[in-house]
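Please look at the sequence and the model first, then read the points below.

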There are 2 protein chains.
Amino acid sequence: MMTHGDKMKRSIVLLSGGMDSLVTAAIANRESAELCFLHANYGQRTQRKELWCFERLCEFYRPVQTKVIDLPWLGRMGGSSLTSKNYKSTGDDQPGQIPNTYVPFRNAILISTAVAWAEVIDADSVWIGAVEQDSSGYPDCRAAFFQAMQAAIQQGSKVANIELVTPVINMSKKEIVEQGFELHAPFIYSWSCYIANELACGTCDSCLLRQKAFLSAGISDPIKYKE
Amino acid sequence: MMTHGDKMKRSIVLLSGGMDSLVTAAIANRESAELCFLHANYGQRTQRKELWCFERLCEFYRPVQTKVIDLPWLGRMGGSSLTSKNYKSTGDDQPGQIPNTYVPFRNAILISTAVAWAEVIDADSVWIGAVEQDSSGYPDCRAAFFQAMQAAIQQGSKVANIELVTPVINMSKKEIVEQGFELHAPFIYSWSCYIANELACGTCDSCLLRQKAFLSAGISDPIKYKE
């Protein structure tokens with residue numbers, strides 16, 4: 001549970017298009033015989049760019065199966081600045097506070113969907129690029145949540161052996177960049193900006209986290225930022 | 001957890017249109033200050049009729065908020081005779097076997113969605129009409145699964161106090177009919193048939209279970225069956 005020991009037969013990777021899920025895919029690629037990629041449009045502001053990244057990553061990693069699902073009702077439900085018309089930072093770095101970019105229980109919905117697909121296509125693992133330590137304090141990005149979801153999967157799915165894998169959960173953003181660099185992950189096809197679909201803004205909390213990570217790893221970020 | 005003690009402030013009921021969820025709604029109605037109803041179209045063969053039932057139940061119970069979500073990708077994913085073109089009974093009553101009407105990890109997807117909505121509208125409970133004992137052996141209808149999901153909700157959601165309530169989990173189908181009758185649940189607006197959208201077929205496993213339940217409770221089923 002939550003570790004990656006033996007080589008997986010068939011792995012489903014939840015691929016948002018962000019750099020954490022990209023590096024998760026790179027690790028899954030190393031440790032799986034077959035990859036399957038799952039992406040969700042949920043009305044996030046940068047959904048067009050994230051889907052573009054997903055498509056490029058499908059071309060790059062050549063998964064045996066891919067699936068894009070639409071959850072427009074999740075964005076319409078509200079409760080997140082990521083899916084609302086206007087983004088306003090609440091300061092992702094304030095300890096103990098959940099940023100307004102948190103999307104209600106999104107990871108549970110995505111994991112449940114991936115497990116449903118895993119049952120149908122006989123995959124033995126579901127990979128998600130959640131980060132706990134060096135992240136923004138989302139409740140559904142904590143190791144304790146994934147442990148509880150793993151138990152729910154074991155109890156409630158048709159096949160009891162689907163493993164939930166979170167390979168970057170304890171990494172810092174710097175370590176994620178280093179790990180991706182080592183595995184030749186194509187960071188050019190990853191997107192972190194909360195706001196823009198063309199040039200990354202370079203000023204939102206997520207752009208700042210990404211830039212800091214590349215800077216501290218001493219690696220240059222291949223994507224372009226607004227001047 | 002899983003019991004219903006004090007009166008709930010605001011309850012979200014997952015309402016499929018079947019009789020188990022209808023009776024769950026009737027119980028939630030008695031035990032909640034405010035009701036909210038959530039329904040999902042997921043490509044099931046009788047989705048049109050189930051949505052019709054949902055709409056009538058909204059008129060009957062007058063929830064303060066309602067939401068219908070579309071999960072067309074769940075049906076397209078396959079893995080269930082409920083969402084495939086042709087239904088063929090595998091014998092829902094064979095012990096130890098999961099019937100082919102099982103929809104992959106559906107309840108986890110629905111519960112996760114309801115919890116997301118609960119966070120946004122500040123509901124304190126999510127109600128689901130799953131039946132374990134007198135049911136068809138679906139893995140995501142077992143009490144152990146709901147206990148595990150309750151733990152995942154506690155760990156992964158923004159508010160830690162959303163309660164997952166399964167009031168009919170240990171009832172027999174006969175007891176569910178009796179309970180609904182006592183609470184004046186409008187069974188005329190419930191649908192069990194796996195196949196038809198107009199007159200219930202009276203021959204699929206679900207129609208047979210329903211007819212047996214009404215018969216053993218000594219209550220007449222108000223819906224019409226094909227001659």
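In what order do the elements of chain A run from the N terminus on? They follow the pattern β-α-β-α-β-α-α-β-α-β-α-α. The model is a predicted one.

**Chain A as a whole**

- Chain A holds 7 helices and 5 strands.
- The radius of gyration of chain A is 16 Å, close to the 17 Å that the globule rule gives for 227 residues, so chain A is as compact as a globular protein of that length.
- The C-alpha trace of chain A spans about 50 × 40 × 30 Å along its principal axes.
- Of the 227 residues in chain A, 51% are buried.
- Taking the contacts in chain A between residues at least 6 apart in sequence, 73% join residues at least 24 apart.

- Strand E4 of chain A covers residues 125-128, and both of its faces are covered.
- On one side of E4(A) are Ser125(A) and Trp127(A), on the other Val126(A) and Ile128(A), and all four are buried.
- In a regular strand the side chains alternate between the two faces of the sheet.
- Strand E1 of chain A (residues 8-14) runs parallel to E4(A), and 4 bridges join them.
- Within this pairing, the bridge partner of Ile12(A) in E4(A) is Val126(A).
- E4(A) is also joined by 3 bridges to strand E5 of chain A (residues 163-165), again in the parallel sense.
- There, Val126(A) has Leu164(A) as its bridge partner in E5(A).

- Chain B has an open sheet of 5 strands in the order E3-E2-E1-E4-E5, with parallel pairing.
- Strand E3 (65-70) and strand E5 (163-165) of chain B stand at the edges with a single partner strand each, so one side of each has no neighbour in the sheet.
- From one strand to the next, the twist averages 20°.
- Strand E4 of chain B (residues 125-127) pairs with E5(B) in the parallel sense over 3 bridges.
- In E5(B), Leu164(B) is the bridge partner of Val126(B).
- Helix H1 of chain B (residues 19-31) packs on the sheet and touches strand E1 (8-14), strand E2 (32-41) and E4 of chain B.
- The direction of H1(B) makes about 170° with that of E1(B).
- Helix H2 of chain B (residues 47-61) also packs on the sheet, where it touches E2 and E3 of chain B.
- The direction of H2(B) makes about 165° with that of E2(B).

**Two loop residues of chain B**

- Arg62(B) lies in the loop between H2 and E3 of chain B.
- The phi angle of Arg62(B) is near 50°, a positive value in a residue other than glycine.
- Arg62(B) has 11 other C-beta atoms within 10 Å; residues with 12 or fewer count as exposed, and so Arg62(B) is exposed.
- Asp122(B) lies in the loop between H4 and E4 of chain B.
- The phi angle of Asp122(B) is near 60°, again a positive value in a residue other than glycine.
- Asp122(B) is exposed as well, with 10 other C-beta atoms within 10 Å.

**How the two chains meet**

- The contact takes 33 residues from chain B and 33 residues from chain A.
- On the side of chain B that touches chain A, the elements giving two or more residues are helix H3 (72-77), helix H4 (106-121) and helix H5 (143-156) of chain B.
- H4(B) gives the most to that side, with 10 residues.
- By class, that side of chain B has 21 nonpolar, 8 polar and 4 charged residues.
- Of the interface residues of chain B, 100% are also interface residues in chain A, so the copies meet through the same surface.

Note on methods: Residues numbered from 1 in each chain as written. Chains lettered and ligands numbered in written order. Predicted model: local features only at pLDDT ≥ 70, side-chain atom pairs only at ≥ 80, totals over all residues. Pairing = 2+ DSSP bridges. Axes fitted to C-alpha atoms, helices over the stretch in contact; angles between N-to-C directions. Contact = placed C-beta atoms within 7 Å. Nonpolar A, V, L, I, M, F, W, Y, C, P; charged D, E, K, R; others polar. Rg over C-alpha atoms; globule rule 2.2 N^0.38 Å. Buried ≥ 20, exposed ≤ 12 C-beta atoms within 10 Å, placed from the backbone.
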